[in-house]
Amino acid sequence: MARRKMIYEGKAKILYEGPEPGTIVQYFKDDATAFNNQKKATLEGKGVLNNRISEFIMIGLMRAGIPTHFIRRLNMREQLVRQVEIIPLEVICRNVAAGSLCTRLGIEEGTALPRSIIEYCYKKDELGDPLVTEDHITAFNWASPQDLDDIIALTVRINDFLTGMFAAVGIQLVDFKLEFGRLYEGDMMRIVLADEISPDSCRLWDIETQEKMDKDRFRRDLGNVTEAYTEVARRLGVIKESGTVTNIEEVMK
Ligand SMILES: Nc1ncnc2c1ncn2[C@@H]1O[C@H](COP(=O)(O)OP(=O)(O)OP(=O)(O)O)[C@@H](O)[C@H]1O
Ligand SMILES: [Mg+2]
């Protein structure tokens, strides 16, 4: 079999050319990075978990009528997606104060926000993904005002969907990061959700114990990172009750 052409290797995923034009394969690695690549580790099984969790969420969103890049999962670590023109923004939606919001504004972690807040960071690793405003986004033409309207409307709907989905399994959705892309179909263009939604890109707290079940366990050296991701997958019903990190490859349904 001919070797696939690699399109891009990121910090958490590798993109390969897909079987048909306009498709790509997203391969989920076990690599974890934080603080703009200053902290690195390999977390065995993370890629498998994120592939499955992201698949589950993308399918749920599509059923709720939200357009995404997702086509289908191919195997334990890969999914087939539509190739899009990525809008160079990290769209962050916050329900509870955490992370950089606390540092920036001096708000205590865990404070409920008066309403959900959307923030944007310009995707530029060399600059450390700086916070930008809607004015920067439209002035520099990273997205048009119409694109931005669509992005906001989709983000609000995704927040509603995810908040309910996680609450139903005893998890509080504190905040999350989204990426969007432009999908061209003939002479039509629409904005769709791209990339992944997983414990790498969401802050998830156990509703009862307030325990962190996301990448902050890695950022803050809290330990049991993959165990926490496994628990998220287990609660969502993505892996069997008995699933653990060590038998992760076997317990996948
Ligand atoms: N459907 C898609 N079409 C094209 N590119 C995509 C699609 N979905 C995600 N991507 C891009 O693929 C890459 C995924 O790799 P990964 O998440 O490892 O990147 P990263 O290290 O976070 O780097 P980056 O700063 O580029 O996001 C990202 O650059 C993301 O923007
Ligand atoms: Mg990424």
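Reader: What is the mean pLDDT of the protein chain, and what percentage of its residues reach 70 or more?
Author: The model is predicted, and pLDDT gives the predictor's confidence in each residue on a scale from 0 to 100. For the protein chain, 95% of the residues reach 70 or more, and the mean pLDDT is 95.

Reader: In which elements of the protein chain is confidence lowest and highest?
Author: Confidence is lowest in helix α7, residues 248-251, where the mean is 61. At the other end of the scale, with a mean of 99, stands β9.

Reader: Which strand pairs with β9, and in what sense?
Author: The pairing of β9 runs over seven bridges. Within it, E90 stands opposite C121 in β10. The partner is therefore strand β10 (residues 112-122), and two strands count as paired from at least two bridges; the sense is antiparallel.

Reader: Which residue of β11 is the bridge partner of C121?
Author: Strand β11 (residues 131-132) runs antiparallel to β10, and two bridges join them. C121 also stands opposite E90. In β11, its bridge partner is L131.

Reader: How many residues does the hairpin between β1 and β2 pass through?
Author: Strand β1 (residues 6-9) and strand β2 (residues 13-17) run antiparallel and are joined by three bridges. E9 stands opposite I14 in β2. The number of residues through which the hairpin joins β1 to β2 is three.

Reader: Which residues touch the most other members of the largest nonpolar core?
Author: This core holds 53 residues. Elements that each supply at least two of its residues include β9 (89-96), β12 (171-185), β14 (202-206) and α6 (225-236). The core draws at least three residues from each of domain 1 and domain 2. The members that touch the most others are V91, L173, F180, L204 and V232.

Reader: Which element gives the largest share of the side of domain 1 that touches domain 2?
Author: The domain assignment gives domain 1 (6-84 + 225-251) and domain 2 (85-206), with C-alpha centres 18 Å apart. In the contact between them, 20 residues of domain 1 meet 25 residues of domain 2. On the domain 1 side, the elements that give two or more residues are α1 and α6. The largest share, six residues, comes from α1.

Conventions: Residues are numbered from 1 along each chain as its sequence is written. Chains are lettered from A and ligands numbered from 1 in the order in which they are written. This is a predicted model: local features need pLDDT of at least 70, side-chain atom pairs count only at pLDDT 80 or more; totals for chains, interfaces and linings use all residues. Helices (H or I, at least four residues) and strands (E, at least two) are DSSP runs, numbered from the N terminus. A nonpolar core is a set of buried Ala, Val, Leu, Ile, Met, Phe, Trp, Tyr and Cys residues joined through C-beta atoms within 7 Å. A residue is buried if 20 or more other C-beta atoms lie within 10 Å of its own, exposed if 12 or fewer, and partly exposed in between; C-beta atoms are placed from the backbone. Domain bounds come from an automatic or database domain assignment. Two residues are in contact if their C-beta atoms, placed from the backbone, lie within 7 Å.
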